Amino acid sequence: MIIAVDGPAASGKGTIARALAAHYNLPHMDTGLLYRAVAHTLVHGHGEAENEQDALAACSFDDALLADPALKGEEMGRVASIVSAHPLVRSALMKRQRDFARRKRGAVLDGRDIGTVIAPNADAKLFITATPRTRALRRHAEMQKSGSQMSFDHVLTDIRARDRRDAGRVTAPMAQAEDADLLDTSFLSIDAAVQRAIALVDARIGAADR
Ligand SMILES: Nc1ncnc2c1ncn2[C@@H]1O[C@H](COP(=O)(O)OP(=O)(O)O)[C@@H](O)[C@H]1O
Ligand SMILES: Nc1ccn([C@@H]2O[C@H](COP(=O)(O)OP(=O)(O)O)[C@@H](O)[C@H]2O)c(=O)n1
C-alpha cells in the first residue's frame with residue numbers, strides 16, 4: 001500500500017505521515033529532506049541555488065547527510081524551495097523516491113508532489129493544510145525550542161514566500177491531486193488530525209485491506 005501525503009510547510013504532513021507509517025507498519029520517507037540536502041550542499045560552498053547546473057551537481061550528496069539535523073532549519077527550507085524549482089533537480093531526485101514507493105510492503109511518502117507526480121497511483125492520498133498563520137505559529141514555536149531568535153513575522157513572511165514558490169513553479173508544483181482527500185488541521189490537535197487521517201486512509205483502502 002502506498003500512501004501519499006502532501007501539503008505546505010508546517011501543515012503537519014510530516015507528523016501525520018510518521019503516524020500513518022507507524023499505524024500501518026510501513027516505511028516512511030520525508031522527501032523534503034532530499035531537497036534540503038541539495039540546499040545544504042550548495043550553501044556549504046558548492047554553488048548557487050539559482051544556478052540549475054550547480055544545483056544538479058549537488059544532487060549527488062552522500063546519503064549520510066539526510067540524518068544531519070542541520071537540514072531542519074528554516075533557512076534550509078527556504079533554499080530548498082529555490083533548488084526544487086529546477087526541473088533537472090526534480091528529475092535527479094525522482095528515482096530514489098519512486099524506488100522507495102515501490103517497495104514490496106508499500107510506503108508512506110510526504111512532500112509536495114507525491115500524489116501528483118511521484119506516486120500518482122497511490123492507494124490513498126492526503127493533502128494536509130492549515131492557515132498560513134497557524135503554520136507560522138507552529139514553525140515559530142518549533143524554532144524557539146531549538147534556540148532560534150527569528151521573529152514570528154519573519155517566519156510568516158518566509159512561509160508565504162515558500163508557498164508562492166512551491167505552488168507557482170512550472171515543474172511539479174505543490175498541488176492537491178484530484179483524487180486526494182483534503183485535511184485542514186488548523187483547528188485539530190495532533191491526535192485528532194492523526195485519527196482523521198487514519199479514517200480517511202481506511203475509507204480509501206477499504207475494510208478488506210485493513
Ligand atoms: N494538528 C496540529 N496541532 C498543533 N501542532 C501541530 C499539529 N500538527 C503538527 N504540529 C506541530 O507543528 C510543527 C510542524 O509539523 P510538521 O509535521 O513538521 O509539519 P510539516 O511536515 O508539514 O512541515 C511541529 O512542531 C508539530 O509538532
Ligand atoms: N516532494 C517535495 C518535497 C519538498 N519540496 C521542496 O523542499 C522544500 C522543503 O520541504 P520540506 O517538506 O522539508 O519543508 P517543510 O514543509 O517541512 O517546511 C519545500 O518548500 C519544497 O520547495 C518539493 O519541492 N517537493
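Predicted model: local features only at pLDDT ≥ 70, side-chain atom pairs only at ≥ 80, totals over all residues.
User: What makes up the protein, in helices and strands?

Analyst: The protein has 9 helices and 5 strands. From the N terminus the order is β-α-β-α-α-α-α-β-α-β-α-α-β-α.

User: How do you know that the radius of gyration agrees with a compact globule?

Analyst: Set the value against the rule. For 210 residues, a compact globule would have a radius of gyration near 17 Å. The protein has 17 Å, so the two agree. Its C-alpha atoms fill a box of roughly 50 × 35 × 30 Å along the principal axes.

User: Why is α1 called oblique to α9?

Analyst: Look at the angle. The axes of α1 (residues 13-24) and α9 (residues 190-205) cross at roughly 55 degrees. That makes α1 oblique to α9. Roughly parallel would need an angle under 35 degrees, and roughly perpendicular starts at 65. The axes come within 10 Å, and the crossing is right-handed.

User: Which residues of α1 and α9 meet?

Analyst: From α1 come T15, I16, A19, L20 and H23. From α9 come I190, A193, V194, A197, I198 and V201. By class, this contact holds 9 nonpolar residues, 2 polar and no charged.

User: Why are α7 and α8 called oblique to each other?

Analyst: Again, take the angle. The axes of α7 and α8 cross at roughly 125 degrees. Roughly perpendicular ends at 115, and roughly antiparallel needs over 145. The pair is therefore oblique. The axes come within 9 Å. α7 passes α8 in a right-handed crossing.

User: What residues make the contact of α7 with α8, and how do they divide by class?

Analyst: α7 brings P132, R133, R135, A136, R139, H140 and M143. α8 brings F152, V155, L156, I159, R160 and D163. The classes are 7 nonpolar, 1 polar and 5 charged.

User: What makes α4 and α8 roughly parallel?

Analyst: Their packing angle is about 20 degrees, with the axes 10 Å apart. The cut-off for roughly parallel is under 35 degrees. α4 and α8 are therefore roughly parallel to each other. α4 passes α8 in a left-handed crossing. E74, G77, R78 and S81 of α4 make the contact with V155, D158, R162, R165 and D166 of α8. Those residues divide into 1 nonpolar, 2 polar and 6 charged.

User: Which residues come nearest to ligand 1?

Analyst: There are 15 residues around ligand 1. The nearest are G12, K13, G14, T15 and R138. α1, α7 (132-145) and α9 each give two or more residues to this shell.

User: What gives the largest share of the shell around ligand 1?

Analyst: α1 does, with 3 residues. By class, the shell has 5 nonpolar, 7 polar and 3 charged residues.

User: How many residues surround ligand 2, and which are the closest?

Analyst: The number is 16, and the closest are A9, G32, S81, S84 and G111. The elements giving two or more residues to this shell are α2 (32-46), α4 (74-83) and α8 (152-168).

User: How does the shell around ligand 2 divide by class?

Analyst: The shell around ligand 2 holds 4 nonpolar, 7 polar and 5 charged residues.

Notes:
Residues numbered from 1 in each chain as written. Chains lettered and ligands numbered in written order. Near = placed C-beta within 6 Å. Helix = DSSP H or I, 4+ residues; strand = E, 2+ residues; numbered from the N terminus. Nonpolar A, V, L, I, M, F, W, Y, C, P; charged D, E, K, R; others polar. Axes fitted to C-alpha atoms, helices over the stretch in contact; angles between N-to-C directions. Left-handed = near helix turned anticlockwise from the far one by under 90°. Contact = placed C-beta atoms within 7 Å. Rg over C-alpha atoms; globule rule 2.2 N^0.38 Å.
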